[in-house]
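Grab the viewer and follow along.

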Amino acid sequence: MNKTSSRLAPAAEACAQPAIAFDGVRLDFGGKCVVDGLSFTVAPGEFACVVGPSGCGKTTLLRLVTGLLSPTRGEVRRLGVTVDGPSRDVAIVFQDYGRALLPWRTAAGNIALALEAMGVPRLARAERVAALLDKVGLAGHGDKYPAQLSGGMQQRVQIARCLAQGPRVLLMDEPFGALDALTRQALQDEIARLVRDSGATVLFVTHDLDEAIYLGDRVFALQANPGRLAEVIDVGLPRPRDQLRTREHPEFLRLRHVLFDHVQKTH
Amino acid sequence: MSRRHIDIVLRALPAWLVPLAFLGIIELAMRASSIESDGLALPSQTAAALLGLITDGEIFLRTAETIGAIAVGVPIGGTLGLLLGVWLGLSPTAARLASLSIELFRPIPPVAVIPLMMLIYGLGIRMEAAIIAFACFWPMLLLTRDAVLGVEPRLIEVARILGLPRRKQITKIALPAAVPRIFTALRLTLGIALIVAVTTEIAANPIGIGYAIISAGLSLRPEVMYAFLVWLAILGWLLNESLIAMHRRLFGAAYGDAAT
C-alpha cells in the first residue's frame, strides 16, 4: 500500500490493525522488573479481560496502554501507532471512583470536564451531558455532588465521563471491585451493553474470575514475578449474556475450572 | 426526679453556661475571701468596665486600629505567600531552589522585626501591618505549597488522560482541589495575625487593643485590662466561628463537611 491510498482509506487500514498490540514489552520500575516478555494483541471491538494474582502487573499493563508509563523494552501500539502519551482515543475507568471524580464538581460537571478537554463549546455540552447521564441511568442526578451519590452511582459518573471522550479503547481497572454484589451485577450488564453500542475495544482488569468470563470475549491470565502472560482463554459464550443463564452454562463452568486451576497452579 | 428526667435536663444544658458559672463562682469566692490585689478585678467590675468602654466607644476605636492593621497586613502577606506557595507547589525546581532561603527566614520570630519596621515606618498602623504581613507570609506560603502538593494524584492522572493542557490542569484541577486546604491555611493565618498585632501593640506600637491592655495594666486598672481580654476572647471566637461558617457554606456540599 502506498502513501496516497493509505491516506484515502484510513478507516479500512485501522480496522485491519489490532486495537492494542504489545510487542515484547518489558517494564522496570524502581530497579525491579514489573512485567516482562508481554506480547499479545486485542482486535478492534473485542472485550478482553485480564486476571491474575496481585503484583502480576495488571494495572501496569493498563498504564502502558494509556501512555502514562513507557516500556523499558519493546513496544505498545494503539490502533497501529506506537504509544507515546495519553490520547483522547483512550479512556480509563479507575476502581477508586471516590478519588477519580472532582469533588467540587457535580455529576454533570464531572462529565463535562471530558467535553471541556475536547474543546466542545459550552452550549453543546449541556445536551451531551444530559444524554450521557441518561445513558448510564443517572438522569435527574446531574446536579448532585459525588459525596451525595452512592458508590455505584459515582462509578456510573466516571463511566459516563469516559464515554464522553468517545474512546475507541476503553480501559477498566477493577471498576466494580469496591461495589456490593447486586450493584456490581447491574453495572456488569450495563457496561456490556454500553460497550457493544459504542463499538469500543475494552481491556478490563479484574481479580474476579467469574466476572472475567462473564464479560470477556477472551481472558488473559497473567502470572506474577515478573508479570507475564500465562494463558489466553477464548470465551465462546453466546451474547447478550445473562446473569443467571450464562453463569449456569456448562461452558461457563468449564472455563471457570480451567481458569481456577491455572490460578491455583501459578499462585 | 427520675434518671430519665435528669438525662433530659443534662442534654438541654448549653455550653455557654460553663464560662458563666465559672465567672459566678469567681465572683462569689472573691467576695467571700475579700482578697485585695492589683492584678485582680471582680467579674462584675470587669463587666461594668466593658460596658463603660462600649458606651464611650473607646473599645470600638481600639478594635478598629487592631483590625485595621490586620486588614492591611493579612491581604498583603497572605496574597504574596499564596502566590509563591502555588508556584512552589507546581514547580519542583523552584521549590528546591527556594527551600534553603525559606528555612532560613521562617524561624525568625515576627516580633524580632519590630525594631526594623519601626526604623522603616516609624510607629503607627503601617509598621504594624508590615509586621503582620511578614508573620502571615510564611505559614501561608508553606501551607499553600503543601495544599498544592497534596492534590490527589489520581485527579492529575485523570486530567492527563483527558488531554488537558498543563495550564488547564492547574486551573481546572490542581487549584480547585487545593482550595479547601488553602482556606484552612487562611484561618490559621488570621489567628497568627491577631496574636502578632496585639504583641506588637503591647511591645511597641501605641495603638489598638494591645496598647489599651498594657496602658490599663500600667495605670493599675485591672478591671479595664480584663475587659479588653474578655473582648479579645469574644473577637477571636467570632472570627473563627464566622470563618468556619464560611467554609461550610463554600465547600460543604461538595466536600462532605469534612474540613473543620
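**Exercise 1.** Work out whether N240(B) is buried, exposed or partly exposed.

*Solution.* Start with the count: N240(B) has 14 other C-beta atoms within 10 Å. Next, the cut-offs: buried takes 20 or more other C-beta atoms within 10 Å, exposed 12 or fewer, and partly exposed is in between, with C-beta atoms placed from the backbone. So N240(B) comes out as partly exposed.

A quick word on ground rules. This is a predicted model, where local features need pLDDT of at least 70 and side-chain atom pairs count only at pLDDT 80 or more, while totals for chains, interfaces and linings use all residues. Residues are numbered from 1 along each chain as its sequence is written, and chains are lettered from A and ligands numbered from 1 in the order in which they are written.

**Exercise 2.** Describe how chain A is divided, and how its domains meet.

*Solution.* Chain A splits into domain 1 (42-89 + 167-267) and domain 2 (101-166), with bounds from an automatic or database domain assignment. Over C-alpha atoms, the centres of domain 1 of chain A and domain 2 of chain A are 24 Å apart. Eleven residues from domain 1 of chain A and ten from domain 2 of chain A make the contact, meaning C-beta atoms, placed from the backbone, within 7 Å. On the domain 1 side, helix α8 (residues 181-198) of chain A gives the most, with five residues.

Technical notes. Two residues are in contact if their C-beta atoms, placed from the backbone, lie within 7 Å. Helices (H or I, at least four residues) and strands (E, at least two) are DSSP runs, numbered from the N terminus.
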